[in-house]
Amino acid sequence: MQIRQLLLSQSSPQVMGILNVTPDSFSDGGRHNALNDAVKQALDMEAAGASIIDIGGESTRPGAPEVSVEEELRRVVPVVEAIRRESNVVISIDTSKPEVMEAALLAGADFINDVRALQLPGALEVVAKYKAPVCLMHMQGDPASMQDKPRYSDVTDEVEAFLLARIKACTDAGIEESKIMLDPGFGFGKTLEHNYQLLADLPKFHRLNKPLLIGMSRKTMIGQVVNKPVDQRLAGSLALATIAAQMGAHILRVHDVSETRDVVDIVNALNKYKK
């Protein structure tokens, strides 16, 4: 899949820098609310090695309150416009709302990153109308309740079945299958055991023949293992990024861009010698 100047490849993952323009995201809420701060952070991440900037205006941490369409538009559209004026970097918009998707695409965003996999009314139609690439993520429940005792008979099989169903919903709505990416949804309605089972099974998702976007940076699945708070999870984040890169992830969605770029470069160097 090619997005703007980027060719998504299993052999060399792209680094996606997280830009939350929210007051309450779990790791960096409130740090980039001002427009100038958000644009500077985006350009700094690009300079550090991010080829994609993922802009989100609504926190999806467990228990996060909903944000109105008007407020989300106010937060993200000026940021998309300003970054696009300054850079040719690929921009994704992290939203589930069709109104925000449309406005962001018109403002210069390149693709949609939706934790609800285009399930809100009107979302499929917007993506089809603009022929936009889209990432479909699995989530059990919604952000307000997703960590209330999530249950699966087989987490990998159920996540795969959900993603297959959403792929069909997309193609039925007129979205080209070649424009679809997938995200297993680490931390979204999963226990610690579910998350690590999904990671161990990550190669199985390649049979869906779609680019894989993987987001594990600073998440609870690290904190529960190393017993460290969010701001002390860099080493754990890099360990998971290394594993995902070795397992063929196409995009690594991260907070720590420069360090993750080093991870990708090291994995790429090793891959040259694999037979």
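Trainee: Which residues of helix 1 meet helix 2?

Mentor: Leu-35, Ala-38, Val-39, Ala-42 and Leu-43 stand on the helix 1 side. From helix 2 they meet Pro-78, Val-79, Ala-82, Ile-83 and Glu-86. Keep in mind that this is a predicted model.

Trainee: At roughly what angle do the axes of helix 1 and helix 2 cross?

Mentor: Helix 1 covers residues 35-48, and helix 2 covers residues 69-86. Their axes cross at roughly 45°. They come within 10 Å.

Trainee: Are helix 1 and helix 2 parallel or oblique to each other?

Mentor: Use the cut-off. An angle under 35 degrees counts as roughly parallel. The crossing of these two axes is at roughly 45°, and helix 1 and helix 2 are therefore oblique to each other.

Trainee: Is the crossing of helix 1 and helix 2 left-handed or right-handed?

Mentor: Helix 1 passes helix 2 in a right-handed crossing.

Trainee: Let me move along the chain. How do helix 2 and helix 3 lie to each other?

Mentor: Start with the axes again. Those of helix 2 and helix 3 come within 9 Å and cross at roughly 15°. The two helices are therefore roughly parallel to each other. Their crossing is right-handed.

Trainee: Which residues make the contact of helix 2 and helix 3?

Mentor: Helix 2 brings Val-69, Glu-72, Leu-73, Val-76, Val-77, Val-80, Glu-81 and Arg-84. Helix 3 brings Glu-99, Val-100, Ala-103, Ala-104 and Ala-107. By class, nine of these contact residues are nonpolar, none is polar and four are charged.

Trainee: And how do helix 3 and helix 4 lie to each other?

Mentor: Helix 3 spans residues 98-107, and helix 4 spans residues 123-130. Their axes come within 8 Å, with a crossing of roughly 20°. Helix 3 and helix 4 are therefore roughly parallel to each other. This crossing is right-handed.

Trainee: Which residues make the contact of helix 3 and helix 4?

Mentor: On helix 3, look at Pro-98, Met-101, Glu-102, Leu-105 and Leu-106. On helix 4, look at Ala-123, Val-126, Val-127, Lys-129 and Tyr-130. Eight of the contact residues are nonpolar, none is polar and two are charged.

Trainee: Now the empty space. How is it found?

Mentor: A probe the size of a water molecule is rolled over the atoms, and this shows where space is left empty.

Trainee: How many cavities of 30 Å³ or more does the structure hold?

Mentor: One. The largest cavity has a volume of about 50 Å³.

Trainee: Which residues line the largest cavity?

Mentor: Ile-214, Gly-215, Met-216, Ser-217, Ser-237, Ala-241, Leu-252, Arg-253 and Val-254. Five of the lining residues are nonpolar, three are polar and one is charged.

Trainee: Which element gives the most to the lining of the largest cavity?

Mentor: Strand 10, with three residues. Helix 8 (234-246) and strand 10 (251-254) each supply at least two.

Trainee: What about pockets? How much space lies in the second largest pocket?

Mentor: About 240 Å³. It has 18 lining residues. Closest to the centre of this pocket are Glu-58, Glu-66, Lys-97, Arg-116 and Pro-143.

Trainee: How do the residues of that lining divide by class?

Mentor: The lining of the second largest pocket has seven nonpolar, four polar and seven charged residues.

Definitions and conventions: Residues are numbered from 1 along each chain as its sequence is written. This is a predicted model: local features need pLDDT of at least 70, side-chain atom pairs count only at pLDDT 80 or more; totals for chains, interfaces and linings use all residues. Side-chain values use heavy atoms; hydrogens and water are left out. Axes are lines fitted to C-alpha atoms, for helices over the stretch in contact, and angles run from 0 to 180 degrees between N-to-C directions. Helices (H or I, at least four residues) and strands (E, at least two) are DSSP runs, numbered from the N terminus. Angles under 35 degrees count as roughly parallel, over 145 as roughly antiparallel, 65 to 115 as roughly perpendicular and the rest as oblique. A crossing is left-handed if the near helix is turned anticlockwise from the far one by less than a right angle, and right-handed if clockwise. Contact means heavy atoms within 4.5 Å. Ala, Val, Leu, Ile, Met, Phe, Trp, Tyr, Cys and Pro count as nonpolar, Asp, Glu, Lys and Arg as charged, and the others, Gly among them, as polar. On a 1 Å grid over the protein atoms alone, a cavity is a set of points where a 1.4 Å probe fits but cannot get out, and a pocket is an open set with protein on both sides within 12 Å along at least five of seven lines; lining residues have an atom within 4 Å of a point. Grid points are joined across faces, edges and corners, and a volume is the space filled by probe spheres set on the points.
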